[in-house]
Amino acid sequence: RLRWCQRLCAQATGHFVLKVNGKPDATTAGDLPTQALIAHLPLLVHPAPKTALVVGWGSGVTVGAALAHPLERVTAVELEPAVVEASRYFDEVNGRRLEDPRTELLLNDGRNVLVATDRRFDVIVSEPSNPWLSGVANLFTKEYFEAGAAHLAEDGVFCQWLQIYEMQPSEVATLMATFTLAFPHVYVFRGASGDLMLLGAREPFMIDVTRMEARMRGGGPVDENLARVGVRSAAALLSRLYLTPAGAR
C-alpha cells in the first residue's frame with residue numbers, strides 16, 4: 001500500500017510532518033490551527049450538534065477537535081490505511097481518538113460514502129489536500145458539494161478547508177462560486193497562513209456569539225483544545241472572520 005502512495009511521517013525541528021507523495025498534508029506546527037478550527041467552527045455555530053462526518057483522517061487532529069465536543073458519534077472517512085497508521089505519531093495532539101468509542105472510521109472514498117449512505121449529519125467537515133493535486137479536485141466539485149448538502153440534517157453546517165496558496169485569485173473565486181451553488185449561505189474564516197475555511201449551509205444562519213462563548217467557557221475539553229492553537233475567547237475566534245454571506249456572494 002505504500003509502494004504507489006508514499007506517506008511518511010518525519011520529525012524535524014521538534015515537529016512532525018505527515019507527507020503524501022512528498023507533499024506535507026498535516027503538521028504539528030504551521031497548519032495545526034486549521035486542523036483544529038475546521039471542526040470547532042461548525043460545531044460551535046450549530047445549535048445542538050450530535051453527529052459529525054469528517055472526510056479525510058490525516059493526522060487525526062480534526063477528529064480529535066470534534067470529539068472535544070459532547071457528540072454522540074464522529075464518522076471519519078480515509079482512503080489510504082497508511083495515513084491512519086502514520087497518524088499514531090500525532091497521538092499527543094489528536095488525543096488518541098482512534099481509541100474513542102465515539103469514533104467510527106471508514107476506509108473508503110469520501111465521495112462514495114456520501115453517495116451510498118442514507119445517513120444525515122449535523123456537521124460535515126471536508127479536508128482533502130490541495131485542489132490542484134491530481135485526483136483531489138473531485139472533492140471540490142459542484143456534485144461533491146451537492147452530495148454533502150443532501151446529507152446534512154436540519155440546521156446542518158458544512159465546513160470546507162480551502163488552501164489558496166499556489167493558486168490564482170480567479171481559481172479561488174471559481175472554487176468559492178462552486179461552493180455557493182450548493183451552500184448559498186457562506187461565512188469565510190482564516191485558518192493558518194494560506195488556508196481558508198468555508199462555513200456553508202443551505203438555509204440562512206447566524207453566528208450566535210453568546211452560545212459560542214458559553215461552549216468555550218469552563219476549562220473543559222473544548223477550551224483546552226482551542227487554547228492549544230492560541231484561541232482563548234470567542235472574540236479571538238471571530239477575529240478570523242473574513243467574509244459574511246453578503247461578502248462571500
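A polar contact here is a pair of N or O atoms within 3.5 Å; within protein, one must be able to donate a hydrogen and the other to accept it, and residues adjacent in sequence count only if both atoms are side-chain atoms. The structure is a predicted model, in which local features need pLDDT of at least 70 and side-chain atom pairs count only at pLDDT 80 or more, while totals for chains, interfaces and linings use all residues. Residues are numbered from 1 along each chain as its sequence is written, and side-chain values use heavy atoms, with hydrogens and water left out.

Let's start with Gln35, which sits in helix α1. Its side chain makes a polar contact of 2.5 Å with that of Ser59. Gln35 counts as buried because its relative accessibility is 3%, where buried means under 20% relative accessible area (1.4 Å probe, protein chains only).

Now to the nonpolar cores, which are sets of buried Ala, Val, Leu, Ile, Met, Phe, Trp, Tyr and Cys residues joined through side-chain atoms within 4.5 Å.

| Core | Size | Residues named |
|---|---|---|
| Largest | 49 residues | Val74, Leu199 and Met212, those with the most contacts inside it |
| Another, apart from it | 29 residues | among them Leu114, Val136, Leu139 and Leu162 |

Leu199 is in contact (heavy atoms within 4.5 Å) with residues including Leu41, Pro42 and Val45, leaving aside neighbours within four places in sequence.

How values were computed: Helix = DSSP H or I, 4+ residues; strand = E, 2+ residues; numbered from the N terminus. Buried < 20%, exposed > 50% of the residue type's maximum accessible area, 1.4 Å probe, protein only.
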